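Take a moment to look over the chain before reading on. We will go from its overall build to its core, and then to one pair of helices.

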Amino acid sequence: MVGLALLIGITVGAVAGYFGGWLDNVLMRMVDIMLSFPAIILARILRNPRLNVLGNELFIDRLTALIIAFTITQWLAYSRLVRGEILSLKEKEFVLSARSLGSGSGRIIWTHVLPNAVFPVLVAASLDIGSVVLSVSALSFLGLGPGVDFADWGNIISYSRDWIMGARGNPFKYWWVIVIPSVAITLFVLSWNLLGDAFRDILDPRLRGSK
């Protein structure tokens, strides 16, 4: 879902930032409106059988509703980040030179502007992978995730609540039922955060120049 949100956000942000004007205003106002809807609320709306937004359970399940909801809410931040980068790049000399040589808008965006604007978005996306998994696990723990028939860390921790206290006289008898999935979530999120920091150190030219 992060990859799909990244693709949508980069496309919308690039179009809005490069062309500007009324198109930028329309797209960014749409982004502002959609940012007011939290992912969990949107997921519940998409999954509500009374509203029937995306059909009944034969066509969409809880997991699909969560993927759609998080994709819709995740791309918004990426589009604003890309737009800000492109606004600072589109008047640079290399872009003006490409435009004076007759390059079209599409070629300038995808060949000259985006390669220089996409690195901060890739760093943000790598950090968001861990946060999305953590959010879905939290929803599963609360009973709002993909469902009881879906194996994920949040469901495992939810099932293990009855065994946290262990047995009488041996409170740590079933320690692994809560420790192992909790450690797995922690290590997964931590690894993506460290990977995002590494991407930032490698891809950000300002940090490279300061070392």
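Helices (H or I, at least four residues) and strands (E, at least two) are DSSP runs, numbered from the N terminus. By that rule, the protein chain has ten helices and zero strands. This is a predicted model, in which local features need pLDDT of at least 70 and side-chain atom pairs count only at pLDDT 80 or more, while totals for chains, interfaces and linings use all residues. Residues are numbered from 1 along each chain as its sequence is written, and side-chain values use heavy atoms, with hydrogens and water left out.

What lies inside? In soluble globular proteins, nonpolar side chains tend to be buried together. Buried means under 20% relative accessible area, exposed over 50%, and partly exposed in between (1.4 Å probe, protein chains only). A nonpolar core is a set of buried Ala, Val, Leu, Ile, Met, Phe, Trp, Tyr and Cys residues joined through side-chain atoms within 4.5 Å. Here the largest such core has 32 residues, and Ile10, Tyr78, Val82, Ile86 and Leu114 have the most contacts inside it. Helices supplying at least two of its residues include H1 (2-19), H4 (62-89) and H7 (119-141).

Now turn to H4 and H7. Their axes, lines fitted to C-alpha atoms over the stretch in contact, with angles from 0 to 180 degrees between N-to-C directions, come within 11 Å and cross at roughly 155°. H4 and H7 are therefore roughly antiparallel, as angles under 35 degrees count as roughly parallel, over 145 as roughly antiparallel, 65 to 115 as roughly perpendicular and the rest as oblique. Contact means heavy atoms within 4.5 Å; among the residues that meet are Phe70 and Tyr78 in H4 and Val132 and Leu139 in H7.
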